[in-house]
Amino acid sequence: MVTLTEKAIAAAKGIISQSPEPVNGLRIMVQVDGCAGPKYHVGLESESREGDAVIETGGVKVFVDAGSQDHIAGLTLDFVTESGSSGFIFDNPNPREKCACGKSCS
């Protein structure tokens, strides 16, 4: 369902190890906003919730809520550092449909 690159695994492990609260992995959520397309959210998570898919890759657990699972099938999570800023990058290969305004939707 979700693939993490080596850079994403290393970044996640670093972030998890520095958390002041007990953390067991990352939570990925998708918010679908009509014409704007999906918005991806990633955060720290201490435990799974009912309906979650739990994926473990490279020693990192990823929790995905039931409502987001269909939207992230095949997603690759990467981590980049460019020009002094860094962050997770979501590469979702799923085809997007066109809406009435001509922008991508999923």
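Four strands line up as an open sheet in the order β3-β2-β5-β4, with mixed pairing; strands here are DSSP runs of E with at least two residues, helices are runs of H or I with at least four, and both are numbered from the N terminus. Two strands count as paired if DSSP finds at least two bridges between them. Keep in mind that this is a predicted model: local features need pLDDT of at least 70, side-chain atom pairs count only at pLDDT 80 or more, and totals for chains, interfaces and linings use all residues. Residues are numbered from 1 along each chain as its sequence is written, and side-chain values use heavy atoms, with hydrogens and water left out.

- At the edges sit β3 (38-45) and β4 (53-57), each pairing on one side only.
- On average, neighbouring strands in this sheet are turned by 25° against each other, direction ignored; axes are lines fitted to C-alpha atoms, for helices over the stretch in contact, and angles run from 0 to 180 degrees between N-to-C directions.
- β4 and β5 (residues 60-64) run antiparallel and are joined by five bridges.
- Look for I55, which stands opposite V62 in β5.

**The three-stranded sheet**
- There's also an open sheet of three strands, ordered β1-β6-β7, again with mixed pairing.
- Its edge strands are β1 (2-4) and β7 (85-91), and each of them pairs on one side only.
- Neighbouring strands of this sheet are turned by 25° against each other on average, direction ignored.
- β6 (residues 75-82) pairs with β7 in the antiparallel sense, over seven bridges.
- Along that pairing, D78 has I89 in β7 as its bridge partner, while F79 stands opposite F88 in β7.
- β6 and β7 make a hairpin with two residues between them, and S83 in the turn has a positive phi of about 50°.

**A helix that meets both sheets**
- Helix α1 (residues 6-18) lies across β1, β6 and β7, running at about 75° to β6.
- α1 also lies across β2 (25-32), β3, β4 and β5, this time at about 90° to β5.

**What's tucked inside**
- In soluble globular proteins, nonpolar side chains tend to be buried together.
- The largest nonpolar core here has 22 residues, and V2, L4, V60, V64, I72, L77 and F88 touch the most other members. Such a core is a set of buried Ala, Val, Leu, Ile, Met, Phe, Trp, Tyr and Cys residues joined through side-chain atoms within 4.5 Å.
- β1, α1, β2, β4, β5 and β6 each supply at least two residues of this core, and α1 gives the most, with five.
- Not counting residues up to four places away in sequence, I72 touches M1, V2, V30, Y40, V64, N92 and N94; contact means heavy atoms within 4.5 Å.

**The whole protein**
- In total the protein has two helices and nine strands, and along the sequence they follow the pattern β-α-β-β-β-β-α-β-β-β-β.
- Of its 106 residues, 35% are buried, where buried means under 20% relative accessible area, exposed over 50%, and partly exposed in between (1.4 Å probe, protein chains only).
- Among contacts between residues at least 6 apart in sequence, 51% join residues at least 24 apart.
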